[in-house]
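Colleague: I would like to learn how to read a model like this one. Can we take it feature by feature?

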Amino acid sequence: MAVPARTCGASRPGPARTARPWPGRGPQPGPGARRSLWLLLPPLLLLPLLAAPGSSAYSFPQQHTMQHWARRLEQEVDGVMRIFGGVQQLREIYKDNRNLFEVQENEPQKLVEKVAGDIESLLDRKVQALKRLADAAENFQKAHRWQDNIKEEDILYYDAKADAELDDPESEDVERGSKASTLRLDFIEDPNFKNKVNYSYTAVQIPTDIYKGSTVILNELNWTEALENVFMENRRQDPTLLWQVFGSATGVTRYYPATPWRAPKKIDLYDVRRRPWYIQGASSPKDMVIIVDVSGSVSGLTLKLMKTSVCEMLDTLSDDDYVNVASFNEKAQPVSCFTHLVQANVRNKKVFKEAVQGMVAKGTTGYKAGFEYAFDQLQNSNITRANCNKMIMMFTDGGEDRVQDVFEKYNWPNRTVRVFTFSVGQHNYDVTPLQWMACANKGYYFEIPSIGAIRINTQEYLDVLGRPMVLAGKEAKQVQWTNVYEDALGLGLVVTGTLPVFNLTQDGPGEKKNQLILGVMGIDVALNDIKRLTPNYTLGANGYVFAIDLNGYVLLHPNLKPQTTNFREPVTLDFLDAELEDENKEEIRRSMIDGNKGHKQIRTLVKSLDERYIDEVIRNYTWVPIRSTNYSLGLVLPPYSTFYLQANLSDQILQVKLPISKLKDFEFLLPSSFESEGHVFIAPREYCKDLNASDNNTEFLKNFIELMEKVTPDSKQCNNFLLHNLILDTGITQQLVERVWRDQDLNTYSLLAVFAATDGGITRVFPNKAAEDWTENPEPFNASFYRRSLDNHGYVFKPPHQDTLLRPLELENDTVGILVSTAVELSLGRRTLRPAVVGVKLDLEAWAEKFKVLASNRTHQDQPQKCGPSSHCEMDCEVNNEDLLCVLIDDGGFLVLSNQNHQWDQVGRFFSEVDANLMLALYNNSFYTRKESYDYQAACAPQPPGNLGAAPRGVFVPTIADFLNLAWWTSAAAWSLFQQLLYGLIYHSWFQADAAEAEGSPETRESSCVMKQTQYYFGSVNASYNAIIDCGNCSRLFHAQRLTNTNLLFVVAEKPLCSQCEAGRLLQKETHSDGPEQCELVQRPRYRRGPHICFDYNATEDTSDCGRGASFPPSLGVLVSLQLLLLLGLPPRPQPQVQVHASRRL
């Protein structure tokens, strides 16, 4: 007997819903259930049918009923795919054309060893060029005679920034450069450099805050000019060389070939000494502890200077270095959550920089507390660290205590820790104790009186660290290869081989040799050049090559796609972040870092190309080290990519010396054949060198056809593998049209299109008019449906993608379709491969109606089942759609079909946005599993800068009485203020320079950020399952069952009657994130190895040069002039003359 339905609030019209106990698992139907006849229903019968009378009593369907509906759905899909997909027919077509292709094998070990050898040879050629350059530079500098009276007009060179300094660089009447010593050059476009270049000259870039006319800089320009001939000779020997660069320790960059500097929109803050490649080449890895005096005397301007100085100091560190930052007064404490040395990677440095801004000055100075904390940090051997170049950097405003007892306890007599002291701000303290600390501990003393001295004085410690390298001589002359980073001249992602250049001069007869590093020589290698050495298309859509360095960062990987560029930081994407991390991959990564060979088959998770789905797959990993480098190379292959097809056009065809357009099957690429044979999209691959690329596939096909009119099949300018496979697949897919598609009526089965895509690069869509709405990538290897079909057995449904921020689908003209695809598995002997994917495109509206019929209790084709007034009936998805929700959801949790008409425009949305309560229940009952990960390469809109007032924050502002007081004008305070004003023009904001914006790169419209990604995939439940969403009077029954041989979940549920049970909504969309908690991550750091060389000690090192002042001598005339300019609103154009080491005489 039916029981009246539950009520919640006002009653609703329509059939009464029956409330009953938890539905038990009903009897299972026998195996002889007949195949559904709905495949044969004419479309007319699948239109909406009459509703059942509202007086009938209905109960929630039994489990066996819903299982019956599921089988009908499975049979319907399978029947359509068998008739139209043409999987079996395509297998026969391949076998019928067996004489036109060969089956080749991918042998992972041989492949990876060959590619590793090719990369080694490529890099070795760059190494030889580097060595020639470094040797020549040392000899040129040794032979150079220092000139004290050298003038700017004595030196002729091309100033790369000269164009940007002219008001009208296009004018024919204006020489390029403001000085007579600057050359004017002509440039030609070179696609290899993605730039205009001049191969007859080098270019020179000098940082904005260095005076070009200083004696040191002019002498540097003088002797480095001789490098031009060596650069050109290197290019003659190896025409593939890209940028060859000498970065000088004085800040001068000379590079070849010459090209204009990329002029920034604002002030150019580029300094070669802060580039990742220079830092890596100029010194061995570092263990650094920065301690900052935050006693009460450090306040206002001085504290701001310290904060900025620490941030600039952090920017001199690379991923090979380790660091911690602490503040001290009477006690010392870390400024952040890091309690020990941590790797100086981008994310850790960000934590430090944010924490430093929170430092507050109070208490009294206690150097002892600060130094004891620092030494304890450096002595901690229970953590991962560089174990090289141990140093303490102390920032203070001054003090009297020398803390000799601390040094005696921790550092003497071996002095294994260098101490660098920085006197910050304008003050009258005795700096002798600070100088003594540095000199007594093999360090250096610096003064930072103003913001203008920060950049230069926070990087010159590298000169001191370079001393042991110089003294080690040839032993230290080892080429190092960098992390991936963005080239400042527009080359894109590169790695750089670096080699230090030493000063081989002696200070006088019989004197000790010079200890200074002259600079670093670098040669760029574009990642694209390395990629060209890897197999292109023989590995299949889901096979790939990758490479990592000693930090575990990827050098090559298909997922290495940074969305923004930051010239100041390397691109550091860890292998475990490029893929979905698991224990097997951790082991593979460790083995590769250790330089081992290996092979392992693993079951792992992969993201789909559109990042909406997760698939569990089997992958074979094979890896070997790349000798003579710090890199290791890996190859990933799915089992089905062990073999691949290689077209073997017959000798008879090849011997016909006619254009390829005359070959058999080529005619089916011509647009004139599309109406009868279906539209053909060809993958935009580099089939021939002279083929013009285009993002428009129609135009690309046109370019391809025009070129084929001229090219013979065995042309040397074409890639025969790609070209012949393309023509082979053109013919094979045409035969599929001929044998299967052409004679079928798609409308009878509510299909918008049928299609086939192949490894050879062909995507054929039938009929031709369906191509107008085809939005899939014409490169099958970059199409999500293609790659997922290869990884999944059975039929893969792909609803149209919908963004929650966009309007719903517009269901007009029957153009909205659902892709259903499956891979074609081909067995030839004992060799199995998947060379193609076939599928259909379902008409959304028609199949939604068909879905309701198949999930109903109809026993006849012509009418739905009716329930009499006194009878008991089970609800179904057709008659009772006002009370019963029936949906098909795919394995990512996206809605595919629904029996609710108002949900049709929500197809493709994450189901939690359609019915949050039901989706949560499916997740809680293990139908779905959630996977969260982070995208570290995302781009976000820049945050608007805070505090946009015109006045600088926290800077001393003089009163009118001060302006009228002559004593104030000559005081240190006035000079300091003017320097802040001057450098405020260079920095984006006071003491918080936005380097990226200052460098003015076009990419500054967006900034790099971390996005959290959440995907869902099928959990462990495979059987049919009944459950209840328990919510008192608002509880809901539901049934869920996986559809065999598909990626679909069939769900039947009572529609919600009230909203009291609305639970938290599951989120699937990408969200902005700070990433995983860094404070926790550093407690379990990922495995890495530092460079195997360390030069931090040499018994012959002369440590007597250990400090100097760097203040600017005040000048009353200059001060008055500058102040008047500022008061009148005329910003001066500063050319500050930064002091240079006296020992930097070359």
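Modeller: We will go through a helix, some aromatic rings, the cores and a few strands.

Modeller: One caution to begin with: this is a predicted model.

Colleague: Which residue follows H1?

Modeller: Gly-86 follows, with a positive phi near 75°.

Colleague: Now the rings. How is a pair of aromatic rings described?

Modeller: By two values: the distance of the centres and the angle of the planes. A search of the whole structure here finds 45 aromatic pairs. Take Phe-328 and Tyr-367. Their ring centres lie 6.0 Å apart and their planes meet at 65°. Planes over 60 degrees apart count as edge-to-face, so this pair is edge-to-face.

Colleague: Where in the chain do Phe-328 and Tyr-367 sit?

Modeller: Phe-328 is in strand E10 (residues 322-328), and Tyr-367 is in helix H9 (residues 367-379).

Colleague: Are Phe-328 and Tyr-367 buried or exposed?

Modeller: The cut-off for buried is under 20% relative accessible area. Phe-328 has 1%, so Phe-328 is buried. Tyr-367 is at 2% and therefore counts as buried.

Colleague: What is the geometry of Trp-774 and Phe-785?

Modeller: Their ring centres are 6.2 Å apart and their planes stand at 85°, so this pair is edge-to-face. Trp-774 is in the loop between strand E28 (762-766) and helix H22 (784-791), while Phe-785 is in helix H22, eleven residues apart from Trp-774. Both Trp-774 and Phe-785 are buried.

Colleague: Which residues form an aromatic cluster?

Modeller: One cluster is made of Phe-193, Tyr-199, Phe-231, Trp-243, Tyr-255, Tyr-256, Trp-261 and Tyr-270.

Colleague: Which arginines lie over a ring?

Modeller: Arg-612 lies over the face of Phe-894, 3.8 Å from the ring centre. Arg-685 has its charged end over the ring of Phe-781, at 4.9 Å from the centre.

Colleague: On to the cores. Which residues of the largest nonpolar core touch the most other members?

Modeller: That core has 94 residues, and Leu-751, Leu-922, Phe-1038 and Phe-1050 touch the most other members. H1 returns here: its eight residues are the largest share of this core. The core also draws at least three residues from each of domain 1 (76-105 + 645-802 + 812-845) and domain 5 (894-941 + 1006-1078). Another core, of 54 residues, lies apart from it and includes Trp-223, Val-230, Val-494 and Ile-523.

Colleague: Last, the strands. Which residues cover the two faces of strand E26?

Modeller: In E26 (residues 679-682), His-679 and Phe-681 are on one side, with Val-680 and Ile-682 on the other, and all are buried. E26 runs antiparallel to E28, joined by four bridges. His-679 has Val-765 as its bridge partner in E28.

Colleague: How many residues of strand E36 are buried?

Modeller: Nine of the twelve residues of E36 (residues 1007-1018) are buried, which leaves the strand mostly covered. Strand E35 (residues 928-940) is joined to E36 by eleven bridges and runs antiparallel to it. Ala-939 stands opposite Ser-1008 in that pairing. E36 also has three bridges to strand E40 (residues 1071-1073), again antiparallel. There Lys-1012 stands opposite Thr-1071.

Technical notes: Residues numbered from 1 in each chain as written. Predicted model: local features only at pLDDT ≥ 70, side-chain atom pairs only at ≥ 80, totals over all residues. Heavy atoms only, no water. Phe/Tyr/Trp six-rings, centres within 6.5 Å; stacked < 30°, edge-to-face > 60°. Buried < 20%, exposed > 50% of the residue type's maximum accessible area, 1.4 Å probe, protein only. Lys NZ or Arg CZ within 6 Å of the ring centre and 35° of its normal. Core = buried A, V, L, I, M, F, W, Y, C linked by side-chain atoms within 4.5 Å. Domains from an automatic or database assignment. Pairing = 2+ DSSP bridges.
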